[in-house]
Amino acid sequence: MKKFFVIGNPIDHSLSPKLQNHWLKENNIDATYDKIKLEDSQIKNFILDIKKQKVAGCNVTVPFKKTVIPFLDKLSPEAEQTQSVNTITFYNDYLVGHNTDIAGFDTAIKKLNYSIKGKKVLILGAGGVVPSIIFALKNMRVQEITISNRTREKAENLKILSNDLKILDWGNLNNFDVLINATSLGLNNETINLDFSSLGPDKLFYDIIYNPHETNFLKTGKQLGYKTENGKTMFVYQALEAFKLWHKIEPEVNSNTFKLLEND
Ligand code: ATR
């Protein structure tokens, strides 16, 4: 039986097994999908197990999206450009790293029915998922992308990926249409220490976090009357793209898919 995994550290919170196993069953595919917590020192051997086909393929989450790259044979153009891999396949004897976070975010924004083209976007945070968001936003032809991160240097480092990025000191929120929380603040009910109260009308508050389904950041956005969206749709569609790469089948997404992720 084919074995798939999601690797990360921590990994307890991951809902990927629930979703992938649901689709495996629905499509009568004889395979399993589990989560596994790895240390840095175990990454190489784990990936060699994919080369030996003891493991059929895997998803990669924080903090290994970049760590896995030296052990792979090829990268998709998206993974190459973002230096971020969240899905590994084995094809024609090659280990290939893909980035399906980009497609996940792209689909999530398209499904929002919000015209993001020409908008000014502020991303809070500069962690592992941010290069993928920048890549997707550029494809959507937003007017400008600004990064604000507690540790400014990490935001500056992202300029390697895109030299027209703007960097702003933490705390300055003026003049944006879209605010994206890509920090880890909210995962454990934390509040972001920024004043969102005088942003003006018509903003979109988007949070990459999907569990909890409404972070304090989104609660604030909602209270101020803004459009809000959590990271669940992005999560589902990055998983769908990975499933398609491994099984060559497009799984179904419907209200049950989303309900499945609510029970936790
Ligand atoms: P990684 O940085 O390992 O990729 P991540 O979970 O993807 O991890 O990213 C965490 C993000 O949340 C970072 O942008 C981090 O800011 P720093 O680069 O300054 O660490 C941000 N973050 C975490 N705790 C924060 C806090 N208390 N205030 C502001 N930003 C915070």
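Start by selecting N189: at 55% relative accessibility, N189 counts as exposed (exposed means over 50% relative accessible area, buried under 20%, partly exposed in between, with a 1.4 Å probe and protein chains only). N189 sits in the loop between β10 and β11, and its phi is near 70°, a positive value in a residue other than glycine. The element names come from DSSP runs, with helices being H or I of at least four residues and strands E of at least two, numbered from the N terminus.

Before moving on, two notes on what you have open. This is a predicted model, where local features need pLDDT of at least 70 and side-chain atom pairs count only at pLDDT 80 or more, while totals for chains, interfaces and linings use all residues. Residues are numbered from 1 along each chain as its sequence is written, and side-chain values use heavy atoms, with hydrogens and water left out.

Now pick N92, in the loop between β5 (87–91) and β6 (94–98). N92 also has a positive phi in a residue other than glycine, here near 55°. With a relative accessible area of 59%, N92 is exposed.

The peptide bond running from N9 to P10 is cis, with omega near 5°. Then jump to P63, in the loop between β3 (57–60) and β4 (74–75). The bond from V62 to P63 is cis as well, with omega near 5°.

**Rings**

Colour Phe, Tyr and Trp. Rings pair here if their centres lie within 6.5 Å, using the six-membered ring of Trp; planes under 30 degrees apart are stacked, over 60 edge-to-face, and the rest tilted. By that rule the count comes to 10 aromatic pairs. One of them is F5 with F46, edge-to-face at 5.8 Å centre to centre, with 80° between the planes. F5 is in strand β1 (residues 2–8) and F46 in helix α2 (residues 43–51), so this pair ties together parts that are 41 residues apart in sequence. F5 counts as buried at 13% relative accessibility, and F46 is buried too, at 8%.

Now select F105 and Y206, another edge-to-face pair, at 5.3 Å centre to centre and 85° between the planes. Here helix α4 (residues 101–111) brings F105 and strand β11 (residues 204–207) brings Y206, so the pair ties together parts 101 residues apart in sequence. F105 and Y206 are both buried. For a group of rings, highlight F196, F205, F217 and Y226, which ring pairs link into a cluster.

K74 lies over the face of Y94, 4.2 Å from the ring centre, and K248 lies over the face of Y91, 5.6 Å from the ring centre. The rule for a charge over a ring is NZ of Lys or CZ of Arg within 6 Å of the ring centre and within 35 degrees of the ring normal.

**The core**

Keep F105 selected. F105 is among the residues with the most contacts inside the largest nonpolar core, which has 32 residues; I123, I133, L137, I147 and I180 are the others named. Such a core is a set of buried Ala, Val, Leu, Ile, Met, Phe, Trp, Tyr and Cys residues joined through side-chain atoms within 4.5 Å. To trace it, show α4, β7 (120–124), α5 (130–139), β8 (144–148), β10 (178–181) and β11, each supplying at least two of its residues. The largest share, six residues, comes from α5.

**Two buried polar residues**

Stay on strand β8 and find E144. E144 counts as buried at 18% relative accessibility. Its side chain makes a polar contact with the side chain of K166, at 3.0 Å. A polar contact is a pair of N or O atoms within 3.5 Å; within protein, one must be able to donate a hydrogen and the other to accept it, and residues adjacent in sequence count only if both atoms are side-chain atoms.

Now go to Q20 in helix α1 (residues 16–26). Q20 is buried, with a relative accessible area of 1%.

**The ligand**

The set includes G125, A126, G127, G128, N149, R150 and T151. A backbone N or O atom of A126 is 2.9 Å from a ligand oxygen, and G128 likewise places a backbone N or O atom 2.9 Å from an oxygen atom of the ligand. At T151, a side-chain N or O atom is 2.4 Å from a ligand oxygen. Taken alone the ligand exposes 630 Å², and the protein buries 71% of that (accessible areas come from the Shrake-Rupley method with a 1.4 Å probe; for residues, only the protein chains shown count as cover).

Technical notes
A residue is near a molecule or strand if one of its heavy atoms lies within 4 Å of it.
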